[in-house]
Amino acid sequence: MIQYALQCSNGHQFDAWFGSAAAFDDQQRRGLVTCVVCGDGAVEKALMAPALTRPAGDKVAVSAGHPDTAKIRELLRAYRHKVTSEADYVGNKFAEEARKIHFEEVEARGIYGEATRDEVVGLAEDGIEFLPLPDLPEEHN
Ligand SMILES: [Zn+2]
């Protein structure tokens, strides 16, 4: 058995199992492979299977059910808004800029942006202070 991540011409992605690669090719050629969502017969192997775009085990910490969840989310949203409205957005250069500010190569200022997991680890190792910017689901209270 072989599993393929498939995509129809309408962009639906789904996984399907086939007896072999040859069996998939044969069924696809005869139009027997159809989209599980819309029934479209123009199905191809997805260029990027979801499992490949995101490394296995790449997790984010989450919580739910605490009685003060709504209040905490409110505070986090206010915090996020404060940072994003007052600090400079530096995009992917966050680690680089944070390092420059820490070593006083540039004038101190608030910044926010994106950093890879490796960059975050590097900043922590260098004793550079930063806070995670909460990635909140929008207004679902
Ligand atoms: Zn479809």
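**Figure 1. Order of the secondary structure elements along the protein chain.** From the N terminus on, the elements of the protein chain follow the order β-β-α-β-α-α-β-α-β-α, giving five helices and five strands. Helices (H or I, at least four residues) and strands (E, at least two) are DSSP runs, numbered from the N terminus. The model is predicted, with local features requiring pLDDT of at least 70 and side-chain atom pairs counting only at pLDDT 80 or more, while totals for chains, interfaces and linings use all residues. Residues are numbered from 1 along each chain as its sequence is written, and side-chain values use heavy atoms, with hydrogens and water left out.

**Figure 2. Surface and contacts of the protein chain.** The protein chain has 141 residues, of which 22% count as buried (buried, under 20% relative accessible area; exposed, over 50%; partly exposed, in between; 1.4 Å probe, protein chains only). Among contacts (heavy atoms within 4.5 Å) with a separation of 6 or more, 48% are between residues 24 or more positions apart.

Figure 3. Strand β2 spans residues 13-18 and includes Trp-17. Trp-17 is exposed, its relative accessible area being 53%. Leaving aside residues up to four places away in sequence, Trp-17 touches Met-1, Ile-2 and Gln-3. Gln-3 and Trp-17 are 14 residues apart in sequence, and their C-alpha atoms are 4.4 Å apart in space.

Figure 4. The largest pocket has a volume of about 1600 Å³. A pocket is an open set of points on a 1 Å grid over the protein atoms alone, where a 1.4 Å probe fits, with protein on both sides within 12 Å along at least five of seven lines; lining residues have an atom within 4 Å of a point. Grid points are joined across faces, edges and corners, and the volume is the space filled by probe spheres set on the points. Of the 40 lining residues, Leu-131, Pro-132, Leu-133, Pro-134 and Asp-135 lie nearest the centre of the largest pocket. Two or more lining residues come from each of α3 (69-86), α4 (94-102), β5 (111-113) and α5 (117-125), with α3 giving the largest share, seven residues.

**Figure 5. Cys-35 and Cys-38.** Cys-35 is buried, with a relative accessible area of 5%, whereas Cys-38 is partly exposed at 38%. The structure holds zero disulfides (pairs of cysteine sulfur atoms within 2.5 Å).
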